[in-house]
Amino acid sequence: MSAFPKYRGVAIPAIPAIPGATNSQNSTNSQGGRSQNPSLAPEPDTGSHAPETATADDRADLLEAACQGLPLDVVDLLAALDPDERTDAKAGRIEGTILKAFAVALVDRRDRGRGVVPASYIHRATCEHCGPVWYWHGGRIASCIWCENRLRGLPIPRPEAVVCGDCEHFVRTPHRRIGHCAAGQPEAIAGLWDACRRTCGRWLPAEHGHGGTP
Ligand code: SF4
Ligand SMILES: [Zn+2]
């Protein structure tokens with residue numbers, strides 16, 4: 001039985017705001033991409049917290065194990081924890097499995113902030129607010145983990161081609177089929193044809209905007 005019941009059977013600590021998230025600054029383009037990080041790789045056995053007699057090396061191993069296989073180091077992991085949690089983590093009072101789950105969630109959130117699809121998001125889901133998104137399960141959902149990107153103006157990689165005429169950033173010209181992109185995406189001099197399908201991480205459903213197919 002754990003000497004530190006505080007972290008047994010409880011939710012992982014809250015993930016902080018997307019670190020360094022800016023509009024596609026860290027991504028090659030607005031289309032986003034898929035994470036190459038091996039977050040699905042077999043994980044080491046980190047199923048226990050450090051015993052009460054743990055040495056400093058044992059506690060460091062617990063933190064290292066949480067970051068193992070992820071593009072994340074212990075400094076970043078600790079920096080993302082609240083002060084109390086950081087103290088507990090350094091003291092070995094947080095179980096390895098909880099630290100690992102937190103580390104994976106942290107990396108996934110960092111990927112999303114860059115417009116990159118986390119490696120475990122392999123299904124197509126439909127969010128009522130965001131439209132089609134990559135997700136860890138399929139089906140329709142009232143709100144999704146990409147909603148944060150939508151609200152912050154960050155790209156959302158799409159699992160399918162989209163149509164400018166259905167996008168809230170599409171501003172129609174007097175020509176009923178042609179418009180311009182209010183999100184600043186590349187377009188021909190004449191503008192965008194509303195029915196053209198394209199891959200665009202800036203597409204958002206037109207329901208609340210000025211776009212939409214007539
Ligand atoms: S954001 Fe993308 S999908 Fe929307 S109008 Fe601009 S180019 Fe088209
Ligand atoms: Zn959403």
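Reader: Is the crossing of helix 1 and helix 4 left-handed or right-handed?

Author: A crossing is left-handed if the near helix is turned anticlockwise from the far one by less than a right angle, and right-handed if clockwise. Here helix 1 and helix 4 make a right-handed crossing. This is a predicted model, where local features need pLDDT of at least 70, side-chain atom pairs count only at pLDDT 80 or more, and totals for chains, interfaces and linings use all residues. Residues are numbered from 1 along each chain as its sequence is written, with chains lettered from A and ligands numbered from 1 in the order in which they are written.

Reader: At what angle do helix 1 and helix 4 pack?

Author: Axes are lines fitted to C-alpha atoms, for helices over the stretch in contact, and angles run from 0 to 180 degrees between N-to-C directions. Helix 1 (residues 56-67) and helix 4 (residues 96-113) pack at about 40 degrees, their axes 8 Å apart. Angles under 35 degrees count as roughly parallel, over 145 as roughly antiparallel, 65 to 115 as roughly perpendicular and the rest as oblique, so helix 1 is oblique to helix 4.

Reader: How many helices and strands does the protein chain have?

Author: Helices (H or I, at least four residues) and strands (E, at least two) are DSSP runs, numbered from the N terminus. The protein chain has five helices and 10 strands.

Reader: And how much of the protein chain is buried?

Author: A residue is buried if 20 or more other C-beta atoms lie within 10 Å of its own, exposed if 12 or fewer, and partly exposed in between, with C-beta atoms placed from the backbone. Buried residues are 35% of the 214 in the protein chain.
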